[in-house]
Amino acid sequence: MRNRAMVPYAWGVLVWNVLVALFGAYVRATGAGAGCGAHWPTCNGAIIPRAPQVETLIEFTHRATSGLAFLSVLALFLLALRALPKGHPARFGAGLSLLFMVTESLVGASLVLFGWTAHNVSAARAVVQMVHLANTYFLLAALALTAWWASGGAPLRPRGQGAVGWALLLGLLALLFLGMSGAVTALGDLLFPVRNTLEALERSLTSGEHFLVRLRVLHPLIAVSVGLYVVFAGYLVAYLRPSPLTRTLAHALAYLYGVQLLAGLVNVWLKAPVWMQLLHLLLAYGVWLLFLFLSAAALAQGARRVELGEGGGEVHRGTGGATWKDYLALTKPRVISLLLFTALFATLIAARGWPGLKLFLVVALGGYMMAGAANAINMVVDRDIDARMKRTSRRPTVTQRISSRDALLFAFSLALLAFLILWWGANLLSATLALMGLIWYVLVYTLYLKRRTWHNIVIGGAAGAFPPLVGYAAVTGDLNLFAWYLFALIFFWTPVHFWALALMIQDDYRAVGVPMLPVVLGERVTVLQIALYAVLTALISLMPLLLGELGPTYLAFSLILNGLLILKSLALYRHPERKAAVSLYKYSMLYLALLFVAMAVDRVL
């Protein structure tokens with residue numbers, strides 16, 4: 001039920017509170033929070049200060065606008081009670097908004113009364129600053145949902161949503177965590193200003209510096225990792241809860257988060273001027289609200305749920321009786337083995353020897369779990385074509401021994417644990433790179449490219465090039481030129497490997513309409529492309545020699561391995577038969593494994 005007076009007022013209250021929150025950030029960024037002294041609700045002991053200083057005027061104005069915001073939310077609550085019937089979700093939203101407005105006022109008052117303003121550098125101030133930010137997010141969320149429901153949005157159905165519900169909840173928590181880390185970073189920018197970005201990085205990594213300084217370096221990495229997940233969750237949810245609205249919101253979320261990251265980079269480059277901090281915060285509010293609206297649309301009563309076949313389509317509820325072997329099959333262990341091999345040997349290459357048992361096991365476990373999560377999601381998305389291909393017809397999502405809902409829950413659990421394990425046991429960069437590989441495989445390859453173009457494996461195959469970056473970053477904490485060389489090597493090797501397989505099973509791809517290269521352009525073009533990529537791979541494999549990263553041991557091995565790769569590719573070109581394709585496919589796996597072994601051995605010697 002909609003109310004003509006309620007709808008514009010609810011949206012107006014939301015906008016007003018966003019502006020008030022931004023003005024509060026301005027007060028913090030300018031150090032004017034102590035403009036009224038340690039007095040609240042009065043200002044320097046007076047209701048209206050006389051002859052105020054600039055700081056006093058700023059703080060008093062903030063209190064006045066905050067008071068109007070409180071009254072606006074109170075009026076919204078009373079209007080909802082009067083204009084809407086009992087049981088209407090907007091009534092609940094308005095009540096929740098009033099609750100968070102009360103706590104917002106109390107947190108703001110505590111900052112003043114306890115002296116956590118101006119140049120106070122205590123840990124308590126940082127904690128309360130994070131609580132303040134979190135409460136603001138909750139307040140804006142409650143106001144946004146009130147306006148959404150007042151405008152006719154369907155009530156939520158949170159129960160029984162499976163992985164979609166958990167994915168959205170994790171996204172909201174991740175954005176909340178990102179915002180809280182941003183609040184601490186902004187506080188560090190105010191209290192410990194720097195002359196340039198390099199100085200900020202150096203001070204962040206220096207032992208003995210204040211914790212606000214040392215935490216500053218984490219925020220950009222947290223922003224990238226959270227952004228990757230939020231965009232990934234948005235598009236996956238739009239696929240599993242398809243509607244024009246969810247697709248529009250997912251696209252808008254991706255674009256806005258890209259702008260937000262760019263604004264963050266500019267903010268760092270410009271040394272966090274006040275106007276840039278406010279723009280950055282406004283974009284953060286926008287991302288938070290967009291993700292919230294996407295969640296509301298996806299979890300609404302009556303929304304189509306693809307993984308359960310609701311709203312049309314085949315039902316994938318599962319037959320039960322799944323064993324641990326079925327869940328292991330979801331991860332595609334045979335496919336993962338080579339990827340994991342490159343990640344583990346990248347740790348040896350980066351460390352120039354043994355990286356330590358703990359780090360080695362962390363990369364092994366975290367890398368396997370993240371890749372396994374990507375494969376499990378892939379099986380859910382591709383279950384329709386997997387059922388019609390001989391090679392994939394026995395997958396547990398096709399036989400329905402595991403339901404699509406359970407497979408997705410399993411995948412998200414694996415991905416979350418993998419990220420946490422890599423962050424805990426190695427560093428945030430390696431965890432972010434692993435997540436990036438998952439997102440590239442699911443979004444770029446599986447959901448976007450695979451069924452659209454024969455370039456799918458050329459571009460989408462980059463997902464398989466992330467494991468060595470994960471292993472390298474786990475040891476060094478950064479990515480130098482040699483690390484990116486490992487990425488490039490696998491990127492150009494992938495078409496040689498995969499198109500050989502595509503030649504072997506092209507009839508399956510043709511039957512299900514997947515535009516792999518042999519299906520679209522034929523065998524002759526495919527074998528020519530394989531030969532060209534084999535030559536490119538060989539040339540790239542020699543680049544570390546020019547960089548001085550590898551020596552004669554690697555040179556000897558690489559010449560032999562590359563010679564065989566090119567010979568087998570040429571043999572396939574001359575005789576494009578199944579036997580030659582099988583030979584090249586099997587050798588390509590051995591080629592990559594031995595090349596990484598040669599690099600590791602050379603780096604030790």
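Student: How many helices and strands are there in the protein chain?

Tutor: Helices (H or I, at least four residues) and strands (E, at least two) are DSSP runs, numbered from the N terminus. Here the protein chain has 26 helices and 0 strands. Keep in mind that this is a predicted model, where local features need pLDDT of at least 70, side-chain atom pairs count only at pLDDT 80 or more, and totals for chains, interfaces and linings use all residues. Residues are numbered from 1 along each chain as its sequence is written, and side-chain values use heavy atoms, with hydrogens and water left out.

Student: What share of the residues in the protein chain is buried?

Tutor: Buried means under 20% relative accessible area, exposed over 50%, and partly exposed in between (1.4 Å probe, protein chains only). In this chain, 55% of the 605 residues are buried. L536, on the other hand, sits in helix α23 (residues 523-541), and its relative accessibility is 37%, so L536 counts as partly exposed.

Student: Where does L536 lie relative to I566?

Tutor: Their C-alpha atoms are separated by 9.9 Å, and the two residues are 30 apart along the chain.

Student: And which residues make the contact between α4 and α10?

Tutor: Contact means heavy atoms within 4.5 Å. From α4 come T136, Y137, L140, A141, A144, L145 and W148, and from α10 come A284, Y285, W288, L289, L292, F293, A296 and A297.

Student: How big a box do the C-alpha atoms of the protein chain fill?

Tutor: Taken along the principal axes, the box is roughly 90 × 60 × 40 Å.
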